[in-house]
Each structure stands twice: as C-alpha cells, then as structure tokens.
Amino acid sequence: MLTLERVGAAYGLSRVLSEISLSVGRGELVTLLGRNGAGKSTLLRTIAGLHPAAAGRVIFAGADITGLVPYERARRGIGYVPQGRGIFPHLTVRENLRLGLAARFGRGEGRNARLPDHVFDLFPVLARLSERKGGLLSGGEQQQLAIARALATKPALLLLDEPTEGLQPSIVQDIQAALKRIRRELNVAMLLVEQYLDFAWSVADRFYVIQRGSMATEGNTRERAADTVAHLLSV
Ligand SMILES: Nc1ncnc2c1ncn2[C@@H]1O[C@H](COP(=O)(O)OP(=O)(O)OP(=O)(O)O)[C@@H](O)[C@H]1O
Ligand SMILES: [Mg+2]
C-alpha cells in the first residue's frame, strides 16, 4: 500500500534522511523507531506531503505521490496524526473534527460531509465533550481527538507520530486498545512512530529503526525480541 524508495530529506543544506526504503502492507501495522532527532517525524511529514522529499519516491496505492500536496494525499487515503497532536485549542471538539473532513473534502464539501459514526463509537468521550474547547481537554482526550480527526477522512493508512507521548499508563492502554480496534474493524494500515518499545511490540507486525537519518535495521516483531533493538534507542 505504501512504499518508500530511497527517500531523502533535508532542512536547507542539512540532510536529515537518506536512502530510506520501507513498506506498509494493506491493513498492516508497522512501527518506526529511533532516538530523539533520528528523523522519524521528518519521515512522516515527508509521507504526508508536509515536507518535500529531496530524493527518492513515495508510492501509495500503486501511484507515485512524491509531488502531491498534502490534501491530495489525504484524498487518496493518507491520514496523519502529528507529534504533539496539533489540536486547535480555541475550537471545540466538533469543530476540530470537522477540520478533519475539510482536509479531505475541501472547505465547501467538508461543511456538508458527515462525520463517520465509528469515530464516536471508538472514542465515546468525544461525543460527550463535543462542545468543549480543544485546549481544555486532558492530554489523553486530545490524543483521542487527534486520532479521531484523522479517521474522519476515512484513511486507508494512518501515520501516527508518538501517540503515547506524555500520557499516563492507563491512557496508553486505551490508545493501544483503540489502535487495535481501528485496525481490526476498519482495516486501516498504520505507520506508528513510538518511543516505548513494549508498546510498539504489543501492537506492530513489523518494525524499522532509523539511526541518524539512515535505516539501521528492520524485522518482524514476532521473530525478533524487542531487546535486540534496545541498544539502537537508548542513549
Ligand atoms: N524545521 C526544522 N529545521 C531545521 N532542522 C530541523 C527542523 N525540524 C527538525 N530538524 C532537525 O532534523 C532532525 C530530525 O528531526 P525529527 O523531528 O524528524 O526527529 P525525530 O526522530 O522525530 O525526533 P523526536 O524523537 O525527538 O521527535 C533533527 O536533527 C532536528 O533537529
Ligand atoms: Mg519526532
């Protein structure tokens, strides 16, 4: 479904990713690991179209999307949940969710498009808090809102950048359960950037580890123990 072919990325003259090749199959859950500053967020942004690829190709559903702008990628089925969640604090939960629709359908159509029922089914708390301002939600609620907003576009692939960052363990479990349901019930493939190895191993089929912008190793989480990659993550 998603294939990266030797993708590179840079900020100005400073190259941060080189020769990154990876794939995510239909309905597959793949985790992307690496130390702080390794280039994980840059890679997700490059896939979402928010950062230009300096080299290589991004293939999605059989088409080369390397040159497409973000909303065109959203329309083709790529949902993105940024690191730090990207909630609009002064907009209500409902308004934040509607922006998700606008990302896919454009402003006009987005106004009339309906939020999929499964969004509230997966995250009932959002129905209860729908008129509350995003900035007043707890960290866990904001993360649920960020995932729900991306799901509103009915993606085939969800890019998740550290969804458990800064959350207490019980909330992390809720997020874990939600990701498993999203995958099982909606058949959405995911590329999940994570800090916590245990979490990554508990949900992912395969893993990639990037180190200083290059691919260090990859494998299957059923065949490799998590501790065989721990040295690539700890400082
Ligand atoms: N807007 C920017 N301008 C210049 N350099 C940047 C910018 N954003 C990130 N970088 C640099 O690019 C490198 C990769 O950053 P990136 O945010 O992709 O890492 P990361 O793996 O997501 O890290 P973390 O685990 O801390 O989120 C880092 O050296 C970072 O300082
Ligand atoms: Mg990051």
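1. Start with helix α1. K40, S41, T42, L43, L44, T46 and I47 are its buried residues. Seven of the nine residues of α1 are buried, so the rest of the structure largely encloses this helix. Note that this is a predicted model.

2. R45 also sits in α1, which spans residues 40-48. R45 counts as partly exposed because 19 C-beta neighbours lie inside 10 Å, and a buried residue needs 20 or more.

3. Where does R45 make its contacts? Leaving aside residues up to four places away in sequence, R45 touches L50 and H51. Y80 is 35 residues from R45 in sequence. In space, the C-alpha atoms of R45 and Y80 are 8.4 Å apart.

4. Check the backbone just after α1. G49 adopts a positive phi there, of about 90°.

5. Most residues other than glycine have a negative phi. E19 has a positive one, near 55°, and is not a glycine. E19 belongs to strand β2, residues 14-24. With 14 other C-beta atoms within 10 Å, E19 is partly exposed.

6. R85 lies in the loop that runs between β6 (78-81) and α3 (93-112). Is R85 buried or exposed? R85 is buried, because 22 other C-beta atoms lie within 10 Å.

Conventions:
Residues are numbered from 1 along each chain as its sequence is written. Chains are lettered from A and ligands numbered from 1 in the order in which they are written. This is a predicted model: local features need pLDDT of at least 70, side-chain atom pairs count only at pLDDT 80 or more; totals for chains, interfaces and linings use all residues. Helices (H or I, at least four residues) and strands (E, at least two) are DSSP runs, numbered from the N terminus. A residue is buried if 20 or more other C-beta atoms lie within 10 Å of its own, exposed if 12 or fewer, and partly exposed in between; C-beta atoms are placed from the backbone. Two residues are in contact if their C-beta atoms, placed from the backbone, lie within 7 Å.
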